[in-house]
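Hi,

Here is the structure I promised to pass on. Have a look at it first, and then read my notes below.

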Amino acid sequence: MSDESALERATARAVRAKALLDDKILNEAFNALEKSYIAAWRATTVDDAAGREKLFLAINIVGKVRDHLAGVVANGQLARAELKELAETAERRKRFGII
């Protein structure tokens, strides 16, 4: 990911994703959904395999959304580190007259 504009976009996305992960209302919504889905899953009848399957998928989707946001944050941290390395390399080249 050496394109600086792509790295800057990834860094900006990471900031937004981190804000979402830290958002109290969003976390309350995720927790409420998980609890609701788990309660509904436990309340299914023995012959409702399709219902249990759908609820199981719904529970996992909530986790996948959280995981996706965490991945965006991690990618942004890597992009930030790569931008820093690019800046340091450019500074060294400038200092030693390579550019």
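In which helix does F56 lie? F56 lies in helix 3, where helices (H or I, at least four residues) and strands (E, at least two) are DSSP runs, numbered from the N terminus. Before going on, please note that this is a predicted model, where local features need pLDDT of at least 70 and side-chain atom pairs count only at pLDDT 80 or more, while totals for chains, interfaces and linings use all residues. Residues are numbered from 1 along each chain as its sequence is written, and side-chain values use heavy atoms, with hydrogens and water left out.

Now the overall picture. The chain has three helices and zero strands, running α-α-α from the N terminus on. Its C-alpha trace spans about 75 × 25 × 15 Å along the principal axes. The radius of gyration is 21 Å, whereas a compact globule of 99 residues would be near 13 Å (taken over C-alpha atoms; the globule rule is 2.2 Å times the number of residues to the power 0.38). Buried residues make up 19% of the 99 residues; buried means under 20% relative accessible area, exposed over 50%, and partly exposed in between (1.4 Å probe, protein chains only).

Back to F56, which is partly exposed because its relative accessible area is 43%. Together with W41, L57, I61 and V65, F56 forms a nonpolar patch on the surface, with about 450 Å² of accessible area in total. Helix 3 gives the most to this patch, with four residues. For a patch, residues need over 30% relative accessible area and no salt bridge; like charges are joined within 9 Å, and nonpolar side chains (Val, Leu, Ile, Met, Phe, Trp, Tyr) within 5 Å. A salt bridge is a side-chain nitrogen of Lys or Arg within 4 Å of a carboxyl oxygen of Asp or Glu, and accessible areas come from the Shrake-Rupley method with a 1.4 Å probe, only the protein chains shown counting as cover for residues.

R80 also lies in helix 3 (residues 49–95). The C-alpha atoms of R80 and T11 are 5.9 Å apart, although 69 residues separate the two along the chain. T11 is found in helix 1 (residues 4–22) and counts as buried because its relative accessibility is 16%. R80, in contrast, is partly exposed, at 42%.

Finally, helix 2 (residues 24–42): at 1.5 Å a residue, its 19 residues should span 27 Å, and its end C-alpha atoms are 27 Å apart, which agrees. The expected span is 1.5 Å times one less than the number of residues.

Cheers
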